[in-house]
Amino acid sequence: MKSFFKNNGRRFLSALLMIALTVCLVSCGTVETSDVKRLKLGVVIYDEGDLFLKEITDELIAQAKKRSKTSGEKLQITVSVRYARSKQNIQDDQVEDLIDNGCNVLAVNLVDRNDPMDIIDMAKKNNIPVIFFNRELVLQDLNRWNGLYYVGARAAQSGQIQGQECVEYLKQHPEVDRNHDGKIQYVVLRGEINHQDAIIRTDRSINTILDNGIPLDKLSYEVANWSRLQAENKMNQLLESYGNSIELVLCNNDDMALGVLDALQKRNLSRTSYPVIFGVDGAKEVLSDIKKGLIQGTVYNDGKTQADKVMDIAVRAFEGKDLRGLSMTDGKSTYVDYQKVTIDNVDQFLSLK
Ligand code: GAL
Ligand code: CA
């Protein structure tokens, strides 16, 4: 009698367990197939060594985690990143590969902003929305298909702010004109030769200074491709040629401003013979150099907000939602404002890093 109950009790228990397991499998299976939406974002970046793009990429990954979590895991966002070693054909292959691997939205930082056609064709054929960012393609290409978007910032605004910072500084510090000739001897360290930010930032910055009545004397323009190391080498050459007659260095980005400073510091020059230096981006190291008085200004390029906008568009396009709520220019482009950073407000930006 005792063993009868024992055996049947066991059977009853295992039957219960089986039922529980089946219920769980069925319900888990249901969540798996119908409730969870999987956004697979393929991110391609023109080059791995770019500091500002690293900030954007890190933020995209952080946003994916955050948004998956706040959706209660109903929307799962995964991010796959590829770097193109500054070759458009490599990037085109990477996009093909990402599409083959099931990516359903693309975020593209073009190598060559004039050559987006292969990517656009592949995206259109597979009906995959593309958010281009940071390297702006021409409007005609952006308008080739309605699944194409752009997120970036206005290059002219960054040049204008850099020029204004420089004007204010020079007005307050007449000693910058070290040789007292009434003109400011200057050099420019430029980003990539065809990049809109390099061309427009330089033009706007110089013209803003001239428009404010400050006479400039151009010594040299050097291309250093946004790179700290290349800028250090170029600055060394410039110092060989012009010695301490360089009074002002305008840099198209902060990494190059850091390279300029590396060159000056390695030569053990006295601080009084340093030129004044301006950058763009708001890199953490530059912010602390502004605080130390080694760099006089930068222009904050808000990578976090840009990544946030890329993700907003990615999610809505993936869900097939109306994008009008995102108030984009012509329904396609979003530009995030640049901000002035000098010794007067640098603390506010340091706290963001
Ligand atoms: C600029 C940025 C540079 C570099 C470049 C790459 O907007 O200021 O530091 O990242 O984009 O396209
Ligand atoms: Ca001078």
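Colleague: Which residues count as contacts of leucine 110 once its neighbours within four places in sequence are left aside?

Modeller: Leucine 110 is in contact with Tyr46, Gln88, Gln91, Pro116, Ile119, Phe132, Arg135 and Leu137. Contact means heavy atoms within 4.5 Å. This is a predicted model, in which local features need pLDDT of at least 70, side-chain atom pairs count only at pLDDT 80 or more, and totals for chains, interfaces and linings use all residues; side-chain values use heavy atoms, with hydrogens and water left out. Residues are numbered from 1 along each chain as its sequence is written, while chains are lettered from A and ligands numbered from 1 in the order in which they are written.

Colleague: Why is leucine 110 called buried?

Modeller: Its relative accessibility is 0%. Buried means under 20% relative accessible area, exposed over 50%, and partly exposed in between (1.4 Å probe, protein chains only), so leucine 110 belongs to the buried class. Leucine 110 is found in the loop between β3 and α4. Helices (H or I, at least four residues) and strands (E, at least two) are DSSP runs, numbered from the N terminus. From glutamine 88, leucine 110 is 22 residues away in sequence and 7.4 Å away in space, C-alpha to C-alpha.

Colleague: What puts the buried residues of α4 on the same side?

Modeller: In α4, residues 117–126, the buried residues are Ile119, Ile120, Met122 and Ala123. They cover an arc of only 165° around the axis, so they lie on the same side of α4; the arc is that of the directions from the helix axis to the C-beta atoms. These buried residues pack against α3 (88–100), β3 (105–108), β4 (130–133), α5 (139–142) and β5 (148–152). Just after α4, asparagine 127 takes a positive phi of about 55°.

Colleague: What makes glutamine 94 buried, and what does its side chain reach?

Modeller: Glutamine 94, in helix α3, has a relative accessible area of 12%, so it counts as buried. A polar atom of its side chain lies 2.8 Å from the backbone oxygen of tyrosine 83. A polar contact is a pair of N or O atoms within 3.5 Å; within protein, one must be able to donate a hydrogen and the other to accept it, and residues adjacent in sequence count only if both atoms are side-chain atoms. Leaving aside neighbours within four places in sequence, glutamine 94 is in contact with Val44, Arg82, Tyr83 and Ala84.

Colleague: How do you know which atoms coordinate the calcium ion (ligand 2)?

Modeller: Donors are N, O and S atoms within 2.8 Å of the metal (3.2 Å for Na, K and Ca); water is not among the atoms, so sites may look incomplete. The calcium ion (ligand 2) is coordinated at 2.3 to 2.5 Å by Asp177 (OD), Asn179 (OD1), Asp181 (OD), Lys183 (O), Gln185 (OE1), Glu247 (OE) and Glu247 (OE). The donor residues are spaced D-x1-N-x1-D-x1-K-x1-Q-x61-E in sequence. Aspartate 177 is buried at 11% relative accessible area, whereas asparagine 179 is partly exposed at 44%.

Colleague: What makes aspartate 308 and arginine 67 a salt bridge?

Modeller: Their side chains meet at 3.0 Å, N to O. Aspartate 308 lies in helix α11 (residues 303–319) and arginine 67 in helix α2 (residues 51–70), so the pair ties together parts that are 241 residues apart in sequence. Aspartate 308 is partly exposed at 26%, and arginine 67 is buried at 18%. Arg67, Asp308 and Asp312 are linked in a network of salt bridges.

Colleague: How many salt bridges does a search of the whole structure find?

Modeller: The search finds 17. One of them joins arginine 324 and aspartate 322, with the closest N and O atoms 2.7 Å apart. Arginine 324 has 69% relative accessibility, so it counts as exposed, while aspartate 322 is partly exposed at 43%.

Key: A salt bridge is a side-chain nitrogen of Lys or Arg within 4 Å of a carboxyl oxygen of Asp or Glu.
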